[in-house]
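Below are a few exercises, each with a worked solution to follow step by step.

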Amino acid sequence: MKTVFAGKEVPLETFKEAIKAEKFDMLSISITNHYNLVYLCKFIDELKRYSPKTKVIASGRACVKNPEYTKKCGVDFLFADFDELVKFLKDLRGSK
């Protein structure tokens, strides 16, 4: 399976390798084009099978305009804009 990252196709394996190497707790994705939402459920399903504890943060116009679908796919956190994400991360850092 491939996903689009920064305008290029990147295999899911690349994300898995990054999670393994860096021990990420969270992965943030942004989907602007609603046509790409069709890949979201499969991407998250495969990612969660590989790393069940990794939380998925989503944003982007397509995710925000389709919150029910986005949540159904397994997104843990959905943010409408960058400011909401920054506040969440600051709050998270303060709670540790």
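**Exercise 1: the sheet**

Work out how β4 and strand β5 (residues 77–78) are joined.

Solution. Step one: β4 and β5 run parallel and are joined by 2 bridges; strands count as paired if DSSP finds at least two bridges between them. Strands here are DSSP runs of E with at least two residues, helices are runs of H or I with at least four residues, and both are numbered from the N terminus.

Before going on, a word on ground rules. This is a predicted model, where local features need pLDDT of at least 70 and side-chain atom pairs count only at pLDDT 80 or more, while totals for chains, interfaces and linings use all residues. Residues are numbered from 1 along each chain as its sequence is written, and side-chain values use heavy atoms, with hydrogens and water left out.

Step three: go to the other neighbour. Strand β3 (residues 26–30) pairs with β4 in the parallel sense, over 5 bridges. Met26 stands opposite Lys55 in β4, and Ser30 has Ser59 as its bridge partner. To get from β3 to β4, the chain passes through helix α2 (residues 40–50), in a right-handed β-α-β crossover. Right-handed means that, with the strands pointing away from the viewer, the path from the first strand over the helix to the second runs clockwise.

The open sheet has 3 strands in the order β3-β4-β5, with parallel pairing. β3 and β5 are the edge strands, each pairing on one side only.

**Exercise 2: one face of a helix**

Find the buried residues of α1 and say how they are arranged.

Solution. First, list them: Leu12, Phe15, Lys16 and Ile19. Next, look at the arc, taken from the directions from the helix axis to the C-beta atoms. They cover an arc of only 100° around the axis, which puts them on the same side of α1.

**Exercise 3: two helices together**

Describe how α1 (residues 12–22) and α2 pack.

Solution. Start with the axes, which come within 11 Å and cross at roughly 35°. These axes are lines fitted to C-alpha atoms, for helices over the stretch in contact, and angles run from 0 to 180 degrees between N-to-C directions. Now check who meets whom: residues of α1 including Leu12, Phe15 and Ile19 meet residues of α2, among them Phe43 and Leu47. Contact means heavy atoms within 4.5 Å.

Finally, zoom in on Lys16. This lysine is buried, at a relative accessible area of 14%. Beyond its neighbours within four places in sequence, Lys16 is in contact with Glu46 and Tyr50. Lys16 and Leu47 are 31 residues apart in sequence, yet 7.2 Å apart in space, C-alpha to C-alpha.

Note on methods
Buried means under 20% relative accessible area, exposed over 50%, partly exposed in between (1.4 Å probe, protein chains only).
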